[in-house]
Amino acid sequence: MALWMFRRGVVLRCVNCGEIYEPDPFLFKCRKCGSLLEVLVPVEGVSWSSFRGRGVWRYRPLLPVSDDVKPVTMGEGGTPLIRCENIEAWLRDRYGVAPRVYVKFEGANPTGSFKDRGMTVIASIARSLRVKLVAAASTGNTASSAAAYTARAGLKMVLVLPKGKVAKGKLGQSILYGATIIEVDGSFDDAMKAVQDAVEASKGGIYPFNSFNPWRLEGQKTIAFEIAEEIGVPDFVIVPVGNGGNISAIWKGFNELHKAGLIDKLPRMVGVQAEGAAPLATAFEKGLDKPLFVDKPETVATAIRIGRPVNWMKALRAVKESGGLFTKVSDDEILSAMRMLASMEGVGAEPAGASSLAGLLKLVEDGTIGNNDTVVLVATGHALKDPDAMLRASTKMLHASSSSEAAKLLLEMAEKS
Ligand SMILES: Cc1ncc(COP(=O)(O)O)c(C=O)c1O
Ligand SMILES: N[C@@H](CCOP(=O)(O)O)C(=O)O
C-alpha cells in the first residue's frame with residue numbers, strides 16, 4: 001500500500017458504520033456496509049501560523065498527503081471573497097433586513113469552478129501512484145477540471161458525459177484539454193453508474209476522480225479555511241448542491257478548524273437545490289433521513305441536474321449537524337439571481353453558482369436569515385461556462401442599422417441620463 005503518500009495519523013472512516021481503515025487510495029467504500037468513506041486528518045499542533053503561501057496548498061498541514069507528494073497545481077484556491085453591498089442595500093429596501101453578504105467566487109479558479117481545489121489533490125495522488133487510466137462522470141465542471149489536471153499530470157483521462165446535457169463552455173474545455181469523451185445516452189446519474197461499475201470491475205485499473213473518492217474532497221474543504229481566515233466564521237454558508245460532495249467538504253473544513261481550536265463556533269450550512277432536481281431538499285422538507293431520488297432531474301442549472309447524489313449521507317449530515325437546512329429554488333429564480341449577481345455586483349456565475357443567491361433571497365423572505373447575520377454564498381462556477389444560460393439571463397439588445405444611427409442612440413441616452 002502507498003502509505004508513504006499520506007500524513008502520519010490519517011485514516012479512512014465509514015460515514016455510516018464508523019469502521020476505520022488504513023489510508024488506502026484505492027478504497028472508496030466500506031468493506032462492511034458498502035457506504036462511502038471520509039478521510040480523518042490529525043489536527044493536533046496546527047495553528048494559523050502553520051499555513052504558508054496561498055491557495056489550496058497553503059493548508060498543506062491539514063491536507064492528508066505527506067510532504068513527499070509533489071503537487072500538480074495551477075495555483076487553484078485563494079479565490080476572492082467579495083462583499084456585496086449593492087445586494088445588501090437592495091435587501092434592506094425590499095425586506096427591511098440587513099444581513100452582511102459575501103460571495104466566495106469559485107469561478108476565479110484556473111478552470112472556472114471549485115472542482116480545481118479537489119483535482120489538485122487527487123491528481124497529485126494519482127500521479128504519485130502512476131495510475132494508467134483516470135475516469136470521471138460529469139455534468140461538465142468535474143470533466144473540465146479533471147481534464148486539465150490530468151493533462152498537467154501527464155495522465156490519461158476518460159470522461160463519461162450525459163449526451164446533449166453539458167454546457168458548451170465545459171464541453172469545449174474538456175475537448176481542448178485533450179480528454180477522451182464517452183457521451184452516454186442518459187442522465188448524469190447513468191454516467192456516474194457507468195464509472196462506478198467500471199472502477200469496481202477494473203480492480204484498480206481505472207482511477208476515479210469523482211467525489212465518491214474521498215481523497216478528492218479533501219482539497220475542497222479549503223473553501224472553509226479561506227473563509228474563516230479572511231472574515232472569521234459566518235452565520236450561514238449557502239452552497240448549491242448536486243452530488244453533495246462540496247457542502248460536506250466545506251462542513252468538514254470548518255469542523256477541522258474547530259477541532260484544532262482555530263475557530264470557536266461553526267456556521268449553519270444551507271444546501272440549495274433546483275426544484276426539478278431536489279432529492280435532498282425534498283427529503284429534508286419531509287423530515288426524512290434518506291433522499292427521495294429523482295429519476296428524470298430537470299433544471300436550467302445543468303451542473304446540479306442530479307437525481308441520485310452519491311454523497312447524500314454526507315450532505316444530509318452536514319446540514320443536520322450544523323443546524324442548517326435545505327431549500328429549493330425554481331429555474332426562474334435561478335436565472336434572476338444570476339442576472340442580479342452580475343448586474344448588481346459584477347460577479348458572473350453560472351446558473352448553479354447563482355442558485356446560492358436565489359436561496360438567500362428565499363431565506364430572507366421567510367425570516368430565516370435576518371439582521372446582523374453574516375452570510376457567505378458559494379458561487380461555484382463561472383458564467384462563461386454556460387453561454388446559453390448567459391444569453392437567456394440577459395436583457396434585450398437595441399439595434400442600429402448604421403454607425404451614425406448607433407451614435408445618435410448613444411447621444412439620446414446621454415441626454416436622458
Ligand atoms: C457549478 C457547480 N455548482 C454546484 C455543484 C454541486 O456540487 P456537489 O455535486 O458537490 O454538490 C456542481 C457540481 O457538482 C457544480 O459544477
Ligand atoms: N456537478 C458535478 C457532478 C459530479 O461531480 P462530483 O463532484 O460529484 O464528482 C460535475 O461537475 O460533473
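**Close-up views of a predicted model**

**View 1. The shell around ligand 1.** Helix H8 and helix H12 (351-365) each bring at least two residues to the shell around ligand 1; helices are DSSP runs of H or I with at least four residues, strands are runs of E with at least two, and both are numbered from the N terminus. The model is predicted, with local features needing pLDDT of at least 70 and side-chain atom pairs counting only at pLDDT 80 or more, while totals for chains, interfaces and linings use all residues. Residues are numbered from 1 along each chain as its sequence is written, and chains are lettered from A and ligands numbered from 1 in the order in which they are written. In total, 19 residues surround ligand 1, and the closest are Asn243, Asn246, Ala303, Thr380 and Gly381; a residue counts as near if its C-beta atom, placed from the backbone, lies within 6 Å of the molecule. H8 gives the largest share of this shell, 3 residues. By class, the shell holds 6 nonpolar, 12 polar and 1 charged residues (Ala, Val, Leu, Ile, Met, Phe, Trp, Tyr, Cys and Pro count as nonpolar, Asp, Glu, Lys and Arg as charged, and the others, Gly among them, as polar).

**View 2. The shell around ligand 2.** Here you will find Ser138, Thr139, Gly140, Asn141, Thr142, Ala143, Asn210, Ser211, Gly242, Asn243, Gly245 and Ala303 around ligand 2. The largest share of this shell, 3 residues, comes from H3. Its classes are 2 nonpolar, 10 polar and no charged residues. Gly245 is part of helix H8 (residues 245-259).

**View 3. The annotated binding site.** An unreviewed UniProt entry gives the annotation "binding site" to Asn141, Gly242, Asn243, Gly244, Gly245, Asn246 and Thr380. These residues are spread over 240 residues of sequence, yet they cluster in space, with a largest C-alpha distance of 14.3 Å. Please keep in mind that UniProt annotations may be inferred rather than shown by experiment.

**View 4. Helix H2 against helix H3.** Helix H2 (residues 115-129) and helix H3 (residues 141-153) pack at an angle of about 40°, and their axes are 9 Å apart (axes are lines fitted to C-alpha atoms, for helices over the stretch in contact, and angles run from 0 to 180 degrees between N-to-C directions). H2 is therefore oblique to H3: angles under 35 degrees count as roughly parallel, over 145 as roughly antiparallel, 65 to 115 as roughly perpendicular and the rest as oblique.
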